[in-house]
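Biologist: I would like to learn how to read a structure. Can we go through one together?

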Amino acid sequence: MSGTSSNPMSHRTRIKICGLTREQDVDAAVEAGADAVGFVLYPKSPRFVSATRAAELARRLPPFVSPVLLFVNESSEGIRAACDLVPAAWLQFHGDETPEQCAQAAGARPWMRAARIPLDESQAFDLVKFANLHEQARALLLDAHVEGYGGGGKAFNWSRLPTSVNAHLVLSGGLTPANVTEGIVQVRPRCKSLAVDVSSGVEAAKGVKDPEKIHRFVAAVRAADALLARSPNALLSAT
Ligand SMILES: O=C(O)c1ccccc1N[C@@H]1O[C@H](COP(=O)(O)O)[C@@H](O)[C@H]1O
């Protein structure tokens, strides 16, 4: 398995803005250039929306901006019902689901699996093994291991990741306009392609996005893309 930093697919970092609950926040994410928007269908989350509400918000999306339905240990009936309401959605499994449960619940739909990476660096996490276990996932989302499963605004140490992972990765966990450029520069050379996912880092309050932070986040992602276009392995070769 080798890293694919020279892969032209990897030259534009995709952006997902997650935890949307309001029309104006969906519009702000689209207007800023998001490729995907996420709806949290986990009742314990402060960003929870029902499947009906997610469908209502998803109907605002223009072509080629994908809705993502985020589940934490949801029943297969619950997942199926939500998918019926938001037919074009990607699925994000962010709980304790097994690879088999994810694949079975998703059926033909594209899905990604959250890997919850310990903040305590004395605890090991084998991402290559995780990728092999989840080979049917279209992407692996890397988040910090926080209480409540996610949306904790905490970043793990990106330099702990293996130098080469044969998977499409979605970097998340505590990303902000101030740190996302560095996150991309650190992680993109290690994988097939990279997207980033942010929730807390572009909020004014839990479940309420700040359009100005969204714009700054997107600008910081584009700055990383420009940096990597000039020097694809800038950070890895310096370490
Ligand atoms: O947003 C939530 O409340 C949430 C709840 C349960 C699981 C995942 C959740 N959000 C996802 O967590 C990561 C990191 O978010 P943050 O940027 O650190 O706030 C992200 O993928 C969210 O989609």
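Biologist: Which residues in H6 are buried?

Modeller: First, the ground rules. This is a predicted model, where local features need pLDDT of at least 70, side-chain atom pairs count only at pLDDT 80 or more, and totals for chains, interfaces and linings use all residues. Residues are numbered from 1 along each chain as its sequence is written. Helices (H or I, at least four residues) and strands (E, at least two) are DSSP runs, numbered from the N terminus. A residue is buried if 20 or more other C-beta atoms lie within 10 Å of its own, exposed if 12 or fewer, and partly exposed in between; the C-beta atoms are placed from the backbone. In H6, the buried residues are Val180, Gly183, Ile184, Val185, Gln186 and Val187. H6 is mostly covered, with six of its eight residues buried.

Biologist: How many strands does the barrel have, and in what order do they run?

Modeller: Start with pairing: two strands pair if DSSP finds at least two bridges between them. Here eight strands form a closed barrel, in the order S1-S2-S3-S4-S5-S6-S7-S8, and the pairing is parallel. From one strand to the next, the twist averages 25 degrees. Axes are lines fitted to C-alpha atoms, for helices over the stretch in contact, and angles run from 0 to 180 degrees between N-to-C directions.

Biologist: Which strands does helix H6 touch?

Modeller: Contact means that the C-beta atoms of two residues, placed from the backbone, lie within 7 Å. Helix H6 (residues 180–187) packs on the sheet and touches strand S7 (168–171) and strand S8 (193–198). The direction of H6 makes about 150 degrees with that of S8.

Biologist: How many bridges join S1 and S2?

Modeller: Strand S1 (residues 14–17) and strand S2 (residues 36–40) pair over two bridges, in the parallel sense. Lys16 has Ala36 in S2 as its bridge partner. S2 and S3 also pair in the parallel sense, over five bridges. There, Phe39 stands opposite Leu69 in S3. S3 is mostly covered, as five of its six residues are buried.

Biologist: Which residues come nearest to the ligand?

Modeller: A residue is near a molecule if its C-beta atom, placed from the backbone, lies within 6 Å of it. There are 26 residues around the ligand, and Cys18, Ser45, Gly150, Gly151 and Ser200 come nearest. S2, strand S6 (139–144) and S8 each supply at least two residues of this shell.

Biologist: How many residues of the shell are nonpolar, polar and charged?

Modeller: Ala, Val, Leu, Ile, Met, Phe, Trp, Tyr, Cys and Pro count as nonpolar, Asp, Glu, Lys and Arg as charged, and the others, Gly among them, as polar. The shell has nine nonpolar residues, 14 polar and three charged.

Biologist: What is the phi of Phe64?

Modeller: Most residues other than glycine have a negative phi. Phe64 is not a glycine, yet has a positive phi of about 75 degrees. Phe64 is in the loop between helix H2 (51–58) and strand S3 (66–71). Tyr149 also has a positive phi, of about 75 degrees, and is not a glycine. Tyr149 sits in the loop between S6 and S7.

Biologist: Why does Phe64 count as exposed?

Modeller: Count the neighbours. Phe64 counts as exposed because it has 7 C-beta neighbours inside 10 Å. Tyr149 has 20 such neighbours inside 10 Å, so Tyr149 counts as buried.
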